[in-house]
Amino acid sequence: TLLLSPGCRIATEVVMAKVAHLASNPPGDPPSLLEAWLTSPDLTDKDVVGMMLDFIFAAGETVRMALT
């Protein structure tokens, strides 16, 4: 069993939900950043989860710096 951190688990759930949504719905016009990543032939779902985690951690760091 693979144990995931809460952030990784949430990012994976969001990506999988969006993948399921895109299977029956076209991306928006213009596509969201997540839709653009998921429809890029150069990126895997794992790449997208990693980039989402980068965004989550960067947001946390930004808030931390703003509060100090």
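Q: With which side chain does the side chain of Glu-35 make a polar contact?
A: In this predicted model, Glu-35 is placed in helix H2. Leaving aside neighbours within four places in sequence, Glu-35 is in contact with Lys-18, Leu-22, Pro-27 and Gly-28. The polar contact of its side chain, at 3.1 Å, is with the side chain of Lys-18.

Q: Is Glu-35 buried or exposed?
A: A residue is classed as buried when its relative accessible area is under 20%. The relative accessibility of Glu-35 is 7%, so this residue counts as buried.

Q: Which residues of H1 are buried, and against which helices do they pack?
A: The buried residues of H1 are Cys-8, Ala-11, Val-15, Lys-18 and Leu-22. They cover an arc of only 100° around the axis, so they lie on the same side of H1. On the other side of H1, the residues Pro-6, Ala-20, Ala-23 and Ser-24 are exposed. The buried residues of H1 pack against H2 and H3.

Q: How far apart are the end C-alpha atoms of H1?
A: Helix H1 has 19 residues, and at 1.5 Å a residue these should span 27 Å.

Q: Which elements give two or more residues to the largest nonpolar core?
A: The largest nonpolar core has 11 residues: Cys-8, Ala-11, Val-15, Leu-22, Leu-34, Trp-37, Leu-38, Val-48, Val-49, Met-52 and Leu-53. Two or more of these residues come from each of the elements H1, H2 and H3.

Q: Which residues does Val-49 touch, not counting those up to four places away in sequence?
A: Val-49 is one of the residues of the largest nonpolar core. With residues up to four places away set aside, Val-49 touches Cys-8, Ala-11, Thr-12 and Val-15.

Q: Why is the pair of Trp-37 and Phe-55 classed as it is?
A: The count comes to one aromatic pair. The ring centres of Trp-37 and Phe-55 are 5.6 Å apart, and their planes stand at 65°. Planes over 60 degrees apart count as edge-to-face. The pair of Trp-37 and Phe-55 is therefore edge-to-face.

Key: Residues numbered from 1 in each chain as written. Predicted model: local features only at pLDDT ≥ 70, side-chain atom pairs only at ≥ 80, totals over all residues. Heavy atoms only, no water. Phe/Tyr/Trp six-rings, centres within 6.5 Å; stacked < 30°, edge-to-face > 60°. Core = buried A, V, L, I, M, F, W, Y, C linked by side-chain atoms within 4.5 Å. Buried < 20%, exposed > 50% of the residue type's maximum accessible area, 1.4 Å probe, protein only. Helix = DSSP H or I, 4+ residues; strand = E, 2+ residues; numbered from the N terminus. Contact = heavy atoms within 4.5 Å. Polar contact = N/O pair within 3.5 Å; in protein donor to acceptor, adjacent residues only side chain to side chain. Expected span 1.5 Å × (residues − 1). Arc of directions from axis to C-beta.
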